[in-house]
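Please look through the sequence and the model before reading on.

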Amino acid sequence: MGLLRRDDTALVVIDVQEAFRKAVDRFEETALAVGRLVQGARILGLPIVVTEQYPKGLGATVPEVGLDGEEPLAKTVFAATRAEGFGLGGRSQALVCGIEAHVCVHQTIQELLAQGVEVHVCTDAVSSRTPENRAIGIERAREGGATITSVETALLELCGEAGTPEFKAVQKVIM
């Protein structure tokens with residue numbers, strides 16, 4: 001696996017929804033980390049794909065994610081890749097985050113990898129109802145061939161260099 005490339009990476013945000021707020025371990029930290037990824041992706045011009053699992057029952061994407069014009073894809077399938085309208089905009093790298101690490105995040109990662117997409121998972125921006133299930137999801141992602149990363153690592157990797165206006169804007173997001 002190589003470095004993330006700004007011109008070849010899409011951000012995939014999976015199911016950071018209101019109904020998970022009280023049920024998911026580290027929910028607030030995860031939602032805020034996802035929000036930093038969304039802000040950074042916007043600054044860097046990355047396509048942003050957002051999904052919601054059965055929004056009628058689980059609610060909308062939480063405000064902490066900071067959607068601004070991104071229209072979530074409603075789904076009932078676990079793998080976001082199988083949701084109607086899912087696509088990476090021709091990108092061959094996916095930066096993945098969301099809920100739950102061992103179900104929808106995991107199945108999306110495995111499908112993307114099977115399609116030949118290089119997957120990077122921000123572990124500080126994924127969670128599950130239990131720490132054990134979060135750990136299982138991260139381990140299975142690693143075993144499946146995904147690169148394990150963090151929000152700060154990924155965003156700075158996508159910047160590529162310091163001193164640019166994009167770097168300065170991203171720096172404000174992660175600091």
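At what angle do helix 3 and helix 4 pack, and how far apart are their axes? The angle is about 5 degrees and the axes are 10 Å apart. The model is predicted, so local features need pLDDT of at least 70 and side-chain atom pairs count only at pLDDT 80 or more, while totals for chains, interfaces and linings use all residues. Residues are numbered from 1 along each chain as its sequence is written, and side-chain values use heavy atoms, without hydrogens and water.

**Helix packing**
- Helix 3 and helix 4 are therefore roughly parallel to each other (angles under 35 degrees, taken between N-to-C directions of lines fitted to C-alpha atoms over the stretch in contact, on a range from 0 to 180 degrees).
- H106, I109, Q110 and L113 of helix 3 meet R140, A141 and G144 of helix 4 (contact means heavy atoms within 4.5 Å).
- This contact of helix 3 with helix 4 comprises 3 nonpolar, 3 polar and 1 charged residues (Ala, Val, Leu, Ile, Met, Phe, Trp, Tyr, Cys and Pro are nonpolar, Asp, Glu, Lys and Arg charged, the others polar).

**Cavity**
- The count comes to 1 cavity of 30 Å³ or more (a set of points on a 1 Å grid over the protein atoms alone where a 1.4 Å probe fits but cannot get out).
- The largest cavity has a volume of about 30 Å³ (the space filled by probe spheres set on the points).
- Its lining consists of A101, V105, I109, V121, V126, G137, I138 and A141 (residues with an atom within 4 Å of a point).
- Helix 3 (104-114), strand 5 (118-127) and helix 4 (131-144) each give two or more residues to this lining (DSSP runs numbered from the N terminus, helices being H or I with at least four residues and strands E with at least two).
- Helix 4 gives the most to the lining, with 3 residues.
- By class, the lining has 7 nonpolar, 1 polar and no charged residues.

Methods. On a 1 Å grid over the protein atoms alone, a cavity is a set of points where a 1.4 Å probe fits but cannot get out, and a pocket is an open set with protein on both sides within 12 Å along at least five of seven lines; lining residues have an atom within 4 Å of a point. Angles under 35 degrees count as roughly parallel, over 145 as roughly antiparallel, 65 to 115 as roughly perpendicular and the rest as oblique.
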